[in-house]
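Colleague: I am new to this structure and would like to go through it by question and answer. Please show it before we start.

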Amino acid sequence: MDFFERFMIPHPSPAIYAAMVAIVLTSIAIVVGLTYFKKWGYLWREWITTVDHKKIGIMYLISALLMLFRGGVDALMMRAQTAVPENALLDAQHYNEIFTTHGIVMIIFMAMAFIIALMNFVIPLQIGARDVAFPRLNAVSFWLYFMGAMLFNLSFVIGGSPSSGWTSYFPLAGDELSPSVGTNYYMLALQISGLGTLITGINFIVTILKMRAPGMTLMKMPMFTWSGLITNVIIVFAFPVLTVALAMGTMDRLFATNFFTTTDGGMDMLWANLFWVWGHPEVYILILPAFGIYSEVISTFSRRNLYGYNSMVASMVIISLLSFVVWVHHFFTMGQGAMVNSIFSITTMAIAIPTGIKIFNWLLTMWKGKIQFTVPMLYSLGFIPIFTIGGVTGVMLGMSAADYQYHNTMFLVAHFHLVIIPGVVFAMIAGLTYWWPKMFGFMLNERIGRWAFGFIAGGTCLAFFPMFISGLDGQARRMYTYSESTGFGFWNMLSFIGALGLAVGFILIVYNIYYSTRYASRDIGDDPWNARSLEWATHNPVPEYNFAITPQVNSSQAFWDSKKNGHTLFKGGYKEIHMPNNSGVPFVMSVFFFIFGFAFVFSMWITAVVSLIGIFACMLHRSFEKDHGHHISVAEIERTESELRGARNE
Amino acid sequence: MKELFPIKHVMGFVFSLILTSVALLVYILDMSFALGLTILLITAFAQAALQLVVFMHAGESEDKGAIYTSVYYGIIIAVLTVFGTLLAMIWGYV
Amino acid sequence: MLEMNKDNTQPLEYSTEQGRMNILGFWIFIGAEIMLFGTLFASYFTLEGRTGAGPTGAEIFEISPVLAETLLLLTSSFTIGLGVHAMRLGRQKAMMTFFIITLVLGAAFLSFEVYEFIHYVHEGAGIQTSAFTSILLTTLGTHGAHVTFGLFWGIMIMIQVIKRGLTPETANKSFIFSLYWHFLDVVWIFIFSFVYLKGMM
């Protein structure tokens, strides 16, 4: 019986039992549905084994949206619990679990997946490539991320969720103070999906450096591709730090080592240090692609070239370096002297300079432009003021002397949400709406989209601005309740109403997807936005090989030049195209990783070893496999192209 | 047989042995901590550069710019992380 | 793409576009590995003096096995370099000989390391003893795990070269393996200098 007791939830509640039942019922429904409609083969052939960057991008997108709703429900429950003083909706333990999973799910499994989804779909198209450099590894990346996300979410119903915050500071996260397996899940799930992210990083750097269309020098790359390059550079150098920190944390919990303990020389602060050595660059991993999306959207809908291209690139390069030297500002109050804090204060404030340059570049791009208020543009316009408020309060927090006042209060919570939501979430929705026609062949409804924007922008302001005030009044973050005499009640109620507004906005987006899928016109041409970069030069829907003829590029706006200045993108005739083969190995290997992670969480060592052998067997299979891909014949290209109405510039 | 042992590689190997012997001096001889650490820093980084250029052929391909950037970037960030961590965790910790 | 766009002016391992991308990708992976070991070193230096009730480095380090390990790994780095040189001359047999010597030296390195670990445990410096022993054994263990992985990887690549001969693909894999092996030597140099020699100074 002991064996099974470990899998029980330590603090069960009706909500968790309901979730268990819902998960079982949904799983049964999916299995029955797939069997009834005979879709297993389709799912395996077209999706699970695919190495096509476009399909992998769409799978990332679906996963990210699912995680958005998981994290969103956590957020709503938090705001509901604190909406009134002395509320008893959740107890302290549940509240702890929810703010922990909210943070991890939103950062790692939602935002990361969302940016990687868009990078996957868009970057190869923007640089005129047929796929990424290592298509098979791309599938490995996705499935590792997916299995990591599933493992993390499993903690909710088997064994208990982590509850020591998304930062999992030791000694709280050690096995003495967090005895349930929740934090094991945290360590293993992040480790597995982090591995996938690292592989993505390497893959995209090589793709961007080696697979650009002829004529596209580095300084002629579209801005989203530039931001992708810099982001992946940061990924490659930041994620190994997380790998090491998580491995050390796992060993502390499972093998009684003494890295972060408070006995035998262990140093709990080292965890905080390593976590933020990764954690701060991570912030820029999320924000830089968002900046790239805004650059594309603002330039397209202002009908102007991006202002200050060179300074945009330079500021991103500077941000990528500075992002690695500011991490101490996350724990100014935890024991360093004035000297150290001053150094990191200065580096922190320095990073506002390149960011400010970008803001002015966007404003100057719009200056005298013919602005079209489409939904992606609305998000970009909403982003600038809200993000600036979030950003300048960050400079306040960055002053180490003043930080003693703000640290760990709701002021901080307001700051980072007002950076991340307009910075990342708005950009994701803008990018989703902008590239949606390229992905699915129809446009999202503009009217519903505008309503959704209204609710989301208004909800964001209403939810987070009051936290500045309650934070300065002394409300600490992560408190599950407070007494009426504190006076926090009013501000928290406003936040709750704002959170409801956000929820309505996201529901409207889902409704928009449903509505547009049913009713939107499929006859939109290849370039519905009158856009500027190469992804719009191929067909809707994009054929498997992306471009029948490799495009010739002459500027950072090659497609715009081909439309306005008579530049010829596609020269010459069709040639045979070489494409990679599908493979089930990435999926199978990731399943082994999932089993490995699960076994590790519950210290089932035999299972762990067996699954590790399975992982190595998959690698061995790949090494000895003779896979030279397949070729698409000229006749087949001609057939596809004539179906898609022929290449544009012939 | 001789063509299998190019002079560049043999010299590289000899030089790396010399560097190792020099590093060993800090163990054999009695010297100040600062001097010893300086010697170790010089020999270790020289050794790393030797491997990189002579044995790993870092500069031979069309991608040498990207390769050197990646390695230098890694080294710079790693060194900043090491010193930043020491600064925050030991030297500046009160 | 693999066989078609062969460029005969370059060494076999660089002769295809995919091969060149593999090599660049691996170099970027090495960049990530630099950061991985950099983090371990940062943690090592932070925890070095925090020995709790356990021994210090100076008390448990022994110069002779460490020196033997260093010479073994340095020599193996030299021989794999010669292996790649032989590969470029098209001398498959010589290349195989050098690869075998490399892997034998690597195995010898590992046996010394196992001896070293047993010695530490006997001296009362297990992985749970103190923060210092935890990070010491983790840093050494991470490097050792890389060498162990390299041994198996090297054997698999040799099997492929023997079965398929020197093709753009097998040459590419062998070259990438040599990069990995040289890199492990570089990491060891830093461990040798800043863990052992600094600790025994």
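Predicted model: local features only at pLDDT ≥ 70, side-chain atom pairs only at ≥ 80, totals over all residues.

Colleague: How many helices and strands does chain A have?
Modeller: The secondary structure of chain A includes both kinds of element. The count comes to 21 helices and 2 strands.

Colleague: Why is chain A described as being as compact as a globular protein of its length?
Modeller: For 650 residues the globule rule gives 26 Å. Chain A comes close to that value, so it is as compact as a globular protein of that length. Its C-alpha trace spans about 70 × 60 × 50 Å along the principal axes. The radius of gyration behind the comparison is 25 Å.

Colleague: What percentage of the residues of chain A count as buried?
Modeller: A residue counts as buried if 20 or more other C-beta atoms lie within 10 Å of its own. Applied to the 650 residues of chain A, this gives 53%.

Colleague: Where in chain B does UniProt place the feature "transmembrane region"?
Modeller: The record is an unreviewed entry. In the model, residues 12-29 of chain B are 94% helix and 0% strand, and residues 71-93 are 91% helix and 0% strand. UniProt places the feature at residues 12-29, 35-59 and 71-93.

Colleague: How far apart are the C-alpha centres of domain 1 and domain 2 of chain B?
Modeller: The domain assignment gives residues 1-56 as domain 1 and 61-94 as domain 2. The distance between their C-alpha centres is 22 Å.

Terms used
Residues numbered from 1 in each chain as written. Chains lettered and ligands numbered in written order. Helix = DSSP H or I, 4+ residues; strand = E, 2+ residues; numbered from the N terminus. Rg over C-alpha atoms; globule rule 2.2 N^0.38 Å. Buried ≥ 20, exposed ≤ 12 C-beta atoms within 10 Å, placed from the backbone. UniProt positions renumbered as here; feature names shortened; annotations may be inferred. Domains from an automatic or database assignment.
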